[in-house]
Amino acid sequence: MKIAVVGTGYVGLVTGTCLAETGNDVICVDINAEKVAKMKQGEIPIYEPGLDLLFQRNIAQKRLTFTTELAGAIEEARIIFLALPTPPGGDGSADLSYVLGAAKNIAQLVKDYKVVVTKSTVPVGTADKVKAVFEAHTQVVVDVVSNPEFLREGVAVDDFMKPDRVVVGTRSDRARKLMEELYAPYVRSGNPVIFMDERSSELTKYAANSFLATKITFMNEIANLCELVNADVDMVRRGIGSDARIGKRFLFPGVGYGGSCFPKDVQALAKSASEYDYNFKILNSVMEVNERQKTVIVDKMKKYYKEGLGGKKFALWGLAFKPDTDDIREAPALYIIDELVKEGAQVVAYDPEAIENVRRAKGDMIGYAEDPYDALAGADALIIVTEWPLFRTPDFDRMENALKARVIFDGRNLYDLQRMIDRGYYYNSIGRQTITS
Ligand code: UDX
């Protein structure tokens, strides 16, 4: 099938590449000429494990092409995906200007029937707004379909190629048939393509992310309580997670959720509820608790260093909002850095992928290390913010030689408590006993 993808950000690139992988002809459109020129040369602008291989292969086989020319791109396409940014506007609601702007441009160019798919996360009612733009600018019949993505960064290729489910919001039989055909190769294992109306589909995306953010936040609160009542959150997590109704996944407490989706989507859902005069109380609490959780580690440090954090030097492991990505959007590490620097501490950070992004955002406000052990040199403590696999089994001898004191504040519960006792650490993690040996 011939497909156009408008917008080559994270979602657009994964979608375009993975759609080409099953034999579709995909043309990706972006207004950024420099980026398009680079992609034509096979240069991938994002870091996503496994994507580069598919990207190169489909470019080589000419199923994946790039252009800045919208008109040419949509001419032959039967399905046009809109994968454009929907950043939070000043009031917390999603800014639809890119999506509606692209819809208008497309409407002025279409000559025959198209299925226009909103892939970006958009508030309930957006499909209707996009439809209205088409109706205002063209006589051509166009079906506007909602098809939210559920891609996790780091495993996005797998999530696209083998989705748990595909959600498609459309009431048009014609569009439904095309979408069914398009997704058939991805759901061979029997996972469903769930068809519904546009509004339910739009809300599904927000509900899924808000539910997951709530689940994490609930566990963060249980962890905080565990510390007060002297219980172990790891045990509680296992105890509740084995109930199939709760499930084992997404129960890991930490330094708060971040990333480009959860914070934005929770905020946008709460905001759209309020526009219907509905106070979505649980989401307001989720946002409040998550803000607090981001700096729980700094609060712990302030308690430990009674003399204050000024003049201390800290090694910080992990800057990305989660492992296997260089993405630092809403990364808790940034909030922790701000707090520590405000307190007069010196920070030297290491991350396997995200250093350049942080350097761009924070400049020389902190130091950057080439290697995790270099960051530890002469540090008063190690702070762990992201659970990169590399940090799970460090060389403790090297760590101890480099650190000034055996002190770890671990925001991701990476180490076994007994090991920390045996090696004589002060070890403060999330929702577990503090080791003070
Ligand atoms: C998320 C959704 O999972 C995906 O379906 C959606 O389409 C986009 O948003 P992503 O932002 O890539 O994906 O990250 P995810 O792996 O879901 O993690 C989100 C945040 O939750 C991270 O900050 C992570 O550290 C945190 N998290 C996750 C926890 O703190 N504990 C957990 O148990 C799981």
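**Helix packing, sheet order and loop residues**

Helix α9 (residues 198-229) packs against helix α11 (residues 262-275) at an angle of about 110°, with the two axes 9 Å apart. Axes are lines fitted to C-alpha atoms, for helices over the stretch in contact, and angles run from 0 to 180 degrees between N-to-C directions. Helices (H or I, at least four residues) and strands (E, at least two) are DSSP runs, numbered from the N terminus. The model is predicted: local features need pLDDT of at least 70, side-chain atom pairs count only at pLDDT 80 or more, and totals for chains, interfaces and linings use all residues. Residues are numbered from 1 along each chain as its sequence is written.

α9 and α11 are therefore roughly perpendicular to each other (65 to 115 degrees; under 35 is roughly parallel, over 145 roughly antiparallel, the rest oblique). On the α9 side, Tyr-206, Asn-209, Ser-210 and Ala-213 take part in the contact. They meet Phe-262, Asp-265, Val-266, Ala-268 and Leu-269 in α11. Two residues are in contact if their C-beta atoms, placed from the backbone, lie within 7 Å. The contact residues divide into 6 nonpolar, 2 polar and 1 charged. Ala, Val, Leu, Ile, Met, Phe, Trp, Tyr, Cys and Pro count as nonpolar, Asp, Glu, Lys and Arg as charged, and the others, Gly among them, as polar.

Strand β1 (residues 2-6) pairs with β2 in the parallel sense over 5 bridges. Strands pair if DSSP finds at least two bridges between them. Val-6 stands opposite Val-29 in β2. In strand β2 (residues 25-29), 4 of the 5 residues are buried, so the strand is largely enclosed by the rest of the structure. Buried requires 20 or more other C-beta atoms within 10 Å of the residue's own, exposed 12 or fewer, and partly exposed lies in between.

An open sheet of 7 strands runs in the order β11-β10-β9-β12-β13-β14-β15, with mixed pairing. β11 (367-368) and β15 (435-436) are at the edges, each with a single partner strand, so one side of each has no neighbour in the sheet. Helix α14 (residues 332-342) packs on this sheet and touches β9 (313-317), β10 (346-350) and β12 (381-384). The direction of α14 makes about 155° with that of β10. Strands β13 (residues 407-410) and β14 (residues 426-428) pair in the parallel sense over 3 bridges. Phe-409 has Asn-428 in β14 as its bridge partner.

Two loop residues follow. Phe-250, in the loop between α10 (233-241) and α11, has a positive phi of about 60° although it is not a glycine. Phe-250 counts as partly exposed, because it has 16 C-beta neighbours inside 10 Å. Asp-277 is in the loop between α11 and α12 (281-294). Its phi is positive, near 60°. Asp-277 has 6 C-beta neighbours inside 10 Å and so counts as exposed.
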